[in-house]
Amino acid sequence: VLVPGFVVTDPDRITVEHIETEANAEVRRVLIERYGEGRYLLDSGAQKIHEDDWGVLYRREFAGDEPLVMVRVVNATAEPDGSFKDYFLRVPPSARTARDAVAWTFGKSAAGYAPLAQT
C-alpha cells in the first residue's frame with residue numbers, strides 16, 4: 001500500500017482527522033495501524049456498544065467499509081509496577097457483547113467459553 005512518507009518515518013504526525021478524511025480504505029487501515037487501533041477508537045469517539053466482566057466492546061463505522069470492532073481487555077497478570085495493562089483485540093463486526101468478542105478470540109462461542117482461571 002502506497003502511503004505518504006511521514007506515515008512510515010513520523011507516525012506521530014497522523015491525526016484522527018487525517019484518518020477519517022482518507023477515502024482509500026487500504027491507506028486508512030495503514031493509518032489506523034500506525035496510529036494505534038485502540039488509541040484511534042478512544043480518540044475518535046468510537047461507540048461503546050457493550051461492557052461486562054470480560055471487557056468493553058467498541059465499534060467505529062466507516063462509509064463504504066466494514067466497521068472497526070475491538071474489545072478492550074485487561075491483562076490478568078500484573079506489570080512489574082503492579083499495574084494492569086489494557087489490550088485491544090480486533091474482532092468481527094458480528095460481535096455483540098464483550099464476552100462474544102473474547103470467546104471469538106479463542107475460537108469459541110460465548111456459550112462455550114467458560115475458563116476456570118485466567119493466567
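**Close-up views of a predicted model**

**View 1. The largest nonpolar core and its most connected members.** Of the 18 residues that make up the largest nonpolar core, Ile14, Ile19, Tyr40 and Leu68 touch the most other members; such a core is a set of buried Ala, Val, Leu, Ile, Met, Phe, Trp, Tyr and Cys residues joined through side-chain atoms within 4.5 Å, where buried means under 20% relative accessible area (1.4 Å probe, protein chains only). At least two residues of this core come from each of α1, α2, α3, α4, β2 and β3, and α3 gives the most, with four residues; helices (H or I, at least four residues) and strands (E, at least two) are DSSP runs, numbered from the N terminus. The model is predicted, so that local features need pLDDT of at least 70 and side-chain atom pairs count only at pLDDT 80 or more, whereas totals for chains, interfaces and linings use all residues. Residues are numbered from 1 along each chain as its sequence is written, and side-chain values use heavy atoms, with hydrogens and water left out.

**View 2. The surroundings of Tyr40.** Leaving aside neighbours within four places in sequence, Tyr40 is in contact (heavy atoms within 4.5 Å) with Val16, Ile19, Glu20, Ile32, Tyr35, Arg60, Phe62 and Leu68.

**View 3. The buried face of helix α3.** In α3 (residues 25-35), the buried residues are Val27, Arg28, Leu31, Ile32 and Tyr35. Seen down the axis of α3, these residues fall within an arc of 140°, taken from the directions from the helix axis to the C-beta atoms, so they line one face of the helix. Their cover includes α1 (5-9), α2 (16-21), α4 (37-43), β2 (55-62) and β3 (65-74). Just after α3, Gly36 takes a positive phi of about 110°.

**View 4. The open four-stranded sheet.** The strands follow the order β1-β2-β3-β4 with antiparallel pairing, two strands being paired if DSSP finds at least two bridges between them. β1 (47-52) and β4 (86-90) stand at the edges, each with a single partner strand, so one side of each is left without a neighbour in the sheet. β1 and β2 pair in the antiparallel sense over five bridges, and the bridge partner of His50 is Leu57 in β2. α3 lies across β2 and β3, running at about 15° to β3, with axes being lines fitted to C-alpha atoms, for helices over the stretch in contact, and angles running from 0 to 180 degrees between N-to-C directions.

How values were computed:
Buried means under 20% relative accessible area, exposed over 50%, partly exposed in between (1.4 Å probe, protein chains only).
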